[in-house]
Amino acid sequence: MRTVLAREMGGCSVLGRIWGVWRRRPGVRAVPKAPGFGTEAGHRLRPRGSSKRSRPLGGQPFPGLLQLENLSREELVDVLRAAVVDQKGKPGELTLFSVLPELSQSLGLGDQELQVVQASGKETSGLVLLSSCPQTASRLQKFFIHSRRAQRPTATYCAVTDGIPATSEGKIQAALKLEHVDGVDLVIPVKSPSRKDFQEGVKRTLSHFRVVAMGSGCALVQLQPLTVFPSQLQVHMVLQLCPVLGDHTYSARVGTVLGQRFLLPAESTKPQRQVLDEALLRRLCLTPSQAAQLPLHLHLHCLHLPGMRPGEAPMKLLAPLPSYFSRTLQCLGLHQQ
């Protein structure tokens, strides 16, 4: 899990995990209402000052990608503290779980424990929500549970997909289960699940999707999960035959014959590095070996939260895109319309 951007509100901390893009400009903003794709906060998917033409990458194929193994614990705490863009009330931050105690001390929280309220998968960039106040954490968790039951989305993700969905928007529904295969937990779709399947851990999952832009055989997609399941969005996009760029776990389940895509059996398809065609590699200015290290292009862009105090309006929190994500959009000509 990699981190970059934080905001604290009344005992609650929000941290954007962007694979180590430590930005000092304001990037996470809260506004009363939240339709659309971050436009109310003035956040554009194209980086400031970027040209329309892509340039060779040189020695750094994924700008802004932080190598955690090159940092000490103290250095990581310093970087996280410097990533705070706004604070109100008592200091409170989120970081890698292993350095939460040091970060709490560094920010003056003393012995108060930080609690995870909302977090996405470890390979996903974007917002992570923590609280140093148990009452606030409980209230927010109840808010998320109630929203899911009402099928009201609270989280919006950006994804770049290898392939373009057949429809511009819609719902993806699938029954999923976790299986331990060769020492790895993998998510497997289940067709026509029985009552026994659900008793043994199969879950119904649901996501909304909307294609925001298309180009070069890829798409910029807005995703809103209405259920919670590991790797749900990655598996859902594979079921649409459009794996997320940088998905080195589930993309192998999409096969191609004579230009036509089809699903391979999930139970017998082992994870492998994502393979991109030569035309796409050229657009991305990547070699095959660099593409094998491509980060997952799935970003928790927006969270909707209730007001932190009675009478306060709901909030919308936004996290800017990682540098490598913005560069990919530039290379592919994918811009918000």
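## Starting at the surface

Select Glu200: its relative accessibility is 58%, so it counts as exposed (buried is under 20% relative accessible area, exposed over 50%, partly exposed in between, with a 1.4 Å probe and protein chains only). Before moving on, note that this is a predicted model, where local features need pLDDT of at least 70, side-chain atom pairs count only at pLDDT 80 or more, and totals for chains, interfaces and linings use all residues. Numbering runs from 1 along each chain as its sequence is written, and side-chain values use heavy atoms, leaving out hydrogens and water.

Next, pick Arg261 and Asp162, whose side chains pair up at 3.2 Å, N to O. Arg261 sits in strand β13 and Asp162 in strand β7, so this bridge ties together parts 99 residues apart in sequence (strands are DSSP E runs of at least two residues, helices H or I runs of at least four, numbered from the N terminus). Asp162 is buried at 10%, while Arg261 is partly exposed at 31%.

## Into the core

Select Leu140, Tyr157, Leu223, Leu298 and Leu305. Of the 28 residues in the largest nonpolar core, these touch the most other members (a core is a set of buried Ala, Val, Leu, Ile, Met, Phe, Trp, Tyr and Cys residues joined through side-chain atoms within 4.5 Å). Strand β14 gives the largest share, 4 residues. A second, separate core of 21 residues includes Val160, Leu284, Leu294 and Cys331.

How many of the 10 residues of helix α8 are buried? Select 323–332 and see: 9 of them are, so α8 is largely enclosed by the rest of the structure. Its cover includes β6, β7, β10, β11, α6 and β14. Step past the end of α8 to Gly333, with a positive phi near 70°.

## Colour by confidence

Finally, colour by pLDDT, the predictor's confidence in each residue from 0 to 100. The chain's mean is 78, and 72% of its residues reach 70 or more.

Notes
Contact = heavy atoms within 4.5 Å. Salt bridge = Lys/Arg side-chain N within 4 Å of Asp/Glu carboxyl O.
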